[in-house]
Amino acid sequence: QPAFAIDATEPSEGPPMDGFEFLRRVRQEALLVDDILVADDIDPRDYDNHRSLYVDIEKCVPAPIGLEAPQEWVDHVLNQFDKIRTEVENMENTFEKDTKIPNCNDEQGWKTYCIGRTPLASSQKLPFLHSIIPLDELTLHKLIVYHVKWMHNDEFTKERAMWIYALLSRLQKPPPPHVASSLRDLLVYCCKVRAKMDNREHPLLSSVNIIIALTEVYFGQGDQF
C-alpha cells in the first residue's frame, strides 16, 4: 500500500524538483518493467553441484523392553526440573562470577575444571551452584556443547549427567540452533547407551532416562517434534 498519495501527473523533463516528482518517476519506471524478469544468460546446469544435500537425521534407538521410563515418572522429572530452573533463576544475583574459571574458548581448561585431569569417575568434580549460576550465556552454550562432545569421546557417567542437568537448568528455551543440535546428538547418544543395558537395576539407567526426558521432551529434540 502506497505511503504517499501521488497524483497521476506525468513527470516533467529534467531533474526532479521535489520528493513527489521523484516518486512519480519511480512509479513510471516501475510501470515499464515486467512483473517477472528472467535472466537469459544463466545456465541452470551450472548450479547442479551447488545444491543443498539432504541430510538423514539419525533416529533414536528404542529402549529395551522394561527399560523405558514410565510416563508418570517422566512427568515427575520434568516438573521437578521446572521447579529447579525457577529456583536457580531466582538466585542469579546471589553469586559473583568466579574469576578463576577458564575462558569460554578454552575447551581443555574447562574439561580440567569440570571433569578433572582424568576421565575416571573418582576424579570428576560436581557442578556446584557457585560454578553454574554466574555463567554468562555464551559460556553456558559453549559448556553444553563441550560436555556433549566429551561424553561422546569418553563415556556416560553419573557425574557427567549431573553436569548436563545443571547446565540445562540455566538454558533458556528455545535454545540456539547449535546448542539444539548438540542436545539432539546427546539424546541419540543416551538412547544408544540405554539400548546396551540389560536390566532395570543398571546403576546408570535413571541418569540416562533423566537426560533423555529433558532433551527429548523438555527441549523438544525427540523424533516426534
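**Entry 1: helix α1**

I take a helix to be a DSSP run of H or I with at least four residues, numbered from the N terminus. On that basis I looked up F20 and found F20 in helix α1, which covers residues 19-31. I noted that the model is predicted. F20 has a relative accessible area of 40%, so I logged F20 as partly exposed. I then checked for a surface patch. F20, F22, L23 and V26 form a nonpolar one, and together they have about 340 Å² of accessible area.

**Entry 2: charges in α1**

Next I looked at E21 and R24. Their side chains meet in a salt bridge, at 3.0 Å from N to O. Why about one helical turn between them? E21 and R24 are 3 residues apart in helix α1, which means about one turn separates them. Both E21 and R24 are buried. I also found R25 linked with E21 and R24 in a network of salt bridges.

**Entry 3: other salt bridges**

I searched the whole structure and got 6 salt bridges. One of them joins K149 to E107, with the closest N and O atoms 3.2 Å apart. This pair links distant parts of the chain: K149 sits in helix α5 and E107 in helix α3, 42 residues apart. K149 is partly exposed at 40% relative accessible area. E107 is partly exposed too, at 23%.

I also recorded R160 with D154, where the closest N and O atoms of the salt bridge are 2.9 Å apart. Is R160 buried or exposed? R160 is buried, with a relative accessible area of 1%. D154, at 31%, is partly exposed.

**Entry 4: the core**

I turned to the nonpolar residues inside. The largest nonpolar core has 48 residues. W110, C114, I144, F156, L168 and C190 have the most contacts within this core. I listed the helices that each supply at least two of its residues: α2 (71-90), α3 (107-115), α5 (137-153), α6 (158-168), α7 (177-195) and α8 (205-218). Which helix gives the largest share? That is α7, with 9 residues.

Leaving out residues up to four places away in sequence, I144 touches L167, L168, L171, V179 and L183.

**Entry 5: cysteines**

C190 has 0% relative accessibility, so I marked C190 as buried. C104 is buried as well, with a relative accessible area of 12%.

Methods: Residues numbered from 1 in each chain as written. Predicted model: local features only at pLDDT ≥ 70, side-chain atom pairs only at ≥ 80, totals over all residues. Heavy atoms only, no water. Buried < 20%, exposed > 50% of the residue type's maximum accessible area, 1.4 Å probe, protein only. Patch = residues over 30% accessible without salt bridge, like charges linked within 9 Å, V, L, I, M, F, W, Y side chains within 5 Å. Areas by Shrake-Rupley, 256 points an atom, 1.4 Å probe, with all protein chains shown as cover. Salt bridge = Lys/Arg side-chain N within 4 Å of Asp/Glu carboxyl O. Core = buried A, V, L, I, M, F, W, Y, C linked by side-chain atoms within 4.5 Å. Contact = heavy atoms within 4.5 Å.
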